[in-house]
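The sequence and model come first, and the notes follow.

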Amino acid sequence: MTNDLFADDAAMRNTVLSDGALLLRGFALDAARNLLGCVDDITRAAPFRQMLTPSGVMSVAMSNCGQFGWISDQNGYRYSALDPLSGQPWPALPIALLDLAKNAAAKAGFKDFSPNACLINRYAPSAKMGLHQDKNEGNFSAPIVSISLGLPAIFLWGGLQRSDPAMRVPLVHSDVIVFGGASRLRYHGVLTVKDGIHPATAACRINLTLRQVRVANTQRVC
Ligand code: MD3
Ligand code: FE
């Protein structure tokens, strides 16, 4: 059966990037079209926007779905249950996206991953993301699952200190990475996305990161 051979072929290209970081090449291939339709629906309700940070405006445009969304302004970053543009909750996390993330996490050994936040990054050509750590989730025992769609990019995979040397990992449409355990707090980034056209997304790269977030003070009822 052609499908099984193809699946085996993809599985053979899976790579452990470092302890706790598993790259699943082509893992989102079957779901990609549906996921991109979900992104269209989500961003009709919660449009892509370039957020401010204490050091300037980001080149990546962002939106979110799920119970919490990652937001930033001149004062810093945090997770918020409401979209600051609308004052409304973020659109729901689509079941297909949740399922794919859970299946990817399970392949890496995380059996009870239950993401409640998904950051959606849109890279137009010339957009990039500098080296950073993700440490606002309030829960480092859960992994983060990253899905790449559309134009290719070079992912920078560093160490636990900003000055550690970074590995360059080329990512293409439908690649999925699970980052957990000893890799959860490594520095990482994305080099400038090059001009191009991809049949699935036209002139951009979309990255979805699924996270299990615990926000202090938000769940307290008193
Ligand atoms: C490793 N996004 O949104 S995904 C981010 O391609 C982010 O848009 C990049 O870094 C992108 O925060 C890279 C890979 C990724 C995401 C989160 C991580 C790697 C990670 C969190 C911890 C460790
Ligand atoms: Fe990150």
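## The sheet

In this predicted model, seven strands form an open sheet with antiparallel pairing, in the order β1-β2-β13-β10-β15-β8-β5. Strands are DSSP runs of E of at least two residues, helices are runs of H or I of at least four, and both are numbered from the N terminus; two strands pair if DSSP finds at least two bridges between them. The edges are β1 (15–18) and β5 (61–66); each has a single partner strand, so one side of each lacks a neighbour in the sheet. From one strand to the next, the twist averages 20 degrees.

Strand β2 (residues 21–24) runs antiparallel to β13 (residues 176–179), and four bridges join them. One of the residues involved is A21, whose bridge partner in β13 is F179.

Residues are numbered from 1 along each chain as its sequence is written, while chains are lettered from A and ligands numbered from 1 in the order in which they are written. Local features need pLDDT of at least 70, side-chain atom pairs count only at pLDDT 80 or more, totals for chains, interfaces and linings use all residues, and side-chain values use heavy atoms, with hydrogens and water left out.

## The helix across the sheet

Helix α3 (residues 95–107) lies across β2, β5, β8 (117–123), β10 (144–150), β13 and β15 (205–211), at about 120 degrees to β10. Axes are lines fitted to C-alpha atoms, for helices over the stretch in contact (heavy atoms within 4.5 Å); angles run from 0 to 180 degrees between N-to-C directions.

S63 is in strand β5 and is buried, at 0% relative accessibility. Buried means under 20% relative accessible area, exposed over 50%, and partly exposed in between (1.4 Å probe, protein chains only). The S63 side chain reaches the backbone oxygen of A46 at 2.6 Å. Beyond its neighbours within four places in sequence, S63 contacts residues including W90, C118 and L119.

## Cysteines

The whole structure contains zero disulfides (pairs of cysteine sulfur atoms within 2.5 Å). The sulfur of C65 has its closest cysteine sulfur in C118, at 4.3 Å, which is too far for a bond. C65 is buried at 0% relative accessible area, and C118 is also buried at 0%.

H132 lies in β9 (residues 129–132) and H188 in β14 (residues 188–190), so the pair ties together parts 56 residues apart in sequence. H188 is buried, with a relative accessible area of 16%.

Notes: Polar contact = N/O pair within 3.5 Å; in protein donor to acceptor, adjacent residues only side chain to side chain.
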